[in-house]
Amino acid sequence: THVLLPLLPVYLFLNAADTTQPVSIIISRVAGIYAFVWYSLQFVLTARLRAIEKTAAQDRRLMLHMILAAALLMVVVVHTTFGNEKYESEFQAGLGGTADFIFLWAVIFSALFFSNFFIRFIPRVIPYRDRAARFFRLTYERCRFLHYAMPAGMLFAIGHIMLLPGNNLAAFKICMILIAGAGLFIYCLQKFFIPKLLEKNPWRTAKIIQESDSVTTLLFAPPEKESATFQYRPGQFCYIRPLDDDFPGQSHPFTISSCPKDERLSVTFKQTGDFTFLLPKIKTGTPVSVNGPFGRFSYKHHPNDRSLVFIAGGIGIT
């Protein structure tokens, strides 16, 4: 999808482009098209849509999301490096520059504070990163909120594309609008519609088990409508969000620790962060939003394999 989808707007653009333009301008705009489409696809990769779990599990989509951000960064550099062109107006140039700035901010900030995916390759930076995070009190919730600048950047990018000069670009612009609109629609679906839908059919906190000083198990009783439809496999995970004002409004992923045959769903976690330190304070009967199951890390997905090796590495290893 990431290779083929940009080819359609690239074809529409080249088919209508002014052939007298320098090659550098064509390279810049083709790179800009790839950046725009990949930017839109980032919203699809991060969406918690169970409809695409069978083809691409969410844990793998999140991995691709981080790798694609690095690739997208390089494409944006190509776009701006070769983009010494005359824009329709300073306003159009400003829209594009603002979109680039928001994207660069999101990538750099996320690489430093929101994820350990890239920073692990430069371990000397980690102590300074941790010190800065403590100084600015960058909790997970705040980092996630700042990461939500991405949709705003998409809106600026749409304006930049719509003001692109040139005749016969209507089909190209419509195509780009449809791609961006689909990405933003999926974002709004995940961010606003699905959470509200889950709130109307909450699970209930049935039991809190303090396994040790730092490890807790929570058991949730399903709503009547969900008891027969929430089918999961060993190794899958779900997102948990207590519907209580004492807890943050964001959901967090937890590996499911109960057996699929159990009547209640359970998650077992270690107190390692802001949310997991707060979660054991939940009270019995508290309604909880449960979104899932997700992931394909399960031996059930390999029924034909005769030999399996299991490695026990402690809580949180997944």
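This is a predicted model: local features need pLDDT of at least 70, side-chain atom pairs count only at pLDDT 80 or more; totals for chains, interfaces and linings use all residues.
Me: Is Val 78 buried, partly exposed or exposed, and why?

Reply: Val 78 comes out at 32% relative accessibility, so it counts as partly exposed. The partly exposed class sits between the buried limit, under 20%, and the exposed limit, over 50%.

Me: Let me step back to the whole chain. How many helices and strands does the protein chain have, and what box do its C-alpha atoms fill?

Reply: There are nine helices and six strands in the protein chain. Along the principal axes, the C-alpha atoms fill a box of roughly 70 × 45 × 45 Å. As for burial, 42% of the 318 residues are buried.

Me: On to the rings. What describes a pair of aromatic rings?

Reply: Two things: how far apart the centres are, and the angle between the planes. In this structure you'll find 16 aromatic pairs. Take Phe 135 and Phe 136: their ring centres are 5.0 Å apart and their planes stand at 90°, so this pair is edge-to-face. Both Phe 135 and Phe 136 are exposed.

Me: Why is the pair of Phe 237 and Tyr 239 edge-to-face?

Reply: The planes of Phe 237 and Tyr 239 are at 65°, with the centres 5.9 Å apart, so that pair is edge-to-face. The cut-off at work here is an angle over 60 degrees. Now check burial: Phe 237 has 13% relative accessibility and therefore counts as buried. Tyr 239 is buried too, at a relative accessible area of 6%.

Me: Which residue lies over the face of Tyr 239?

Reply: That's Arg 48, at 3.8 Å from the ring centre of Tyr 239.

Me: Which residues do ring pairs link into a cluster?

Reply: Look at Tyr 39, Phe 43, Phe 103 and Tyr 187, which ring pairs join into a cluster.

Me: Which residue forms a salt bridge with Glu 199, and where do the two lie?

Reply: Glu 199 pairs with Arg 241, and their closest N and O atoms are 2.7 Å apart. This pair links distant parts of the chain, 42 residues apart: Arg 241 is in strand S3 (residues 237-242), and Glu 199 is in helix H8 (residues 170-199). Arg 241 is buried, with a relative accessible area of 12%. Glu 199 is partly exposed, at 30%.

Me: Helix H8 again, then. What's the place of Ile 194, and how far is Ile 194 from Asn 291?

Reply: Ile 194 has its place in helix H8. In sequence, Ile 194 and Asn 291 are 97 residues apart; in space, their C-alpha atoms are 8.9 Å apart. With 18% relative accessibility, Ile 194 counts as buried.

Me: What is a disulfide, and how many are counted here?

Reply: It's a covalent bond between the sulfur atoms of two cysteines. The count here is zero disulfides.

Me: Backbone next. Which peptide bond is cis, with omega near 0°?

Reply: Go to the bond from Gly 292 to Pro 293, which is cis, with omega near 0°. Pro 293 is found in strand S6, residues 287-294.

Me: What is the phi of Arg 137, and where does Arg 137 lie?

Reply: Arg 137 is not a glycine, yet it has a positive phi of about 55°. Arg 137 lies in the loop between helix H5 (126-135) and helix H6 (140-147). At 60% relative accessibility, Arg 137 counts as exposed.

Methods:
Residues are numbered from 1 along each chain as its sequence is written. Side-chain values use heavy atoms; hydrogens and water are left out. Rings of Phe, Tyr and Trp (its six-membered ring) pair if their centres lie within 6.5 Å; planes under 30 degrees apart count as stacked, over 60 as edge-to-face and the rest as tilted. Buried means under 20% relative accessible area, exposed over 50%, partly exposed in between (1.4 Å probe, protein chains only). A charge sits over a ring if NZ of Lys or CZ of Arg is within 6 Å of the ring centre and within 35 degrees of the ring normal. A disulfide is a pair of cysteine sulfur atoms within 2.5 Å. A salt bridge is a side-chain nitrogen of Lys or Arg within 4 Å of a carboxyl oxygen of Asp or Glu. Helices (H or I, at least four residues) and strands (E, at least two) are DSSP runs, numbered from the N terminus.
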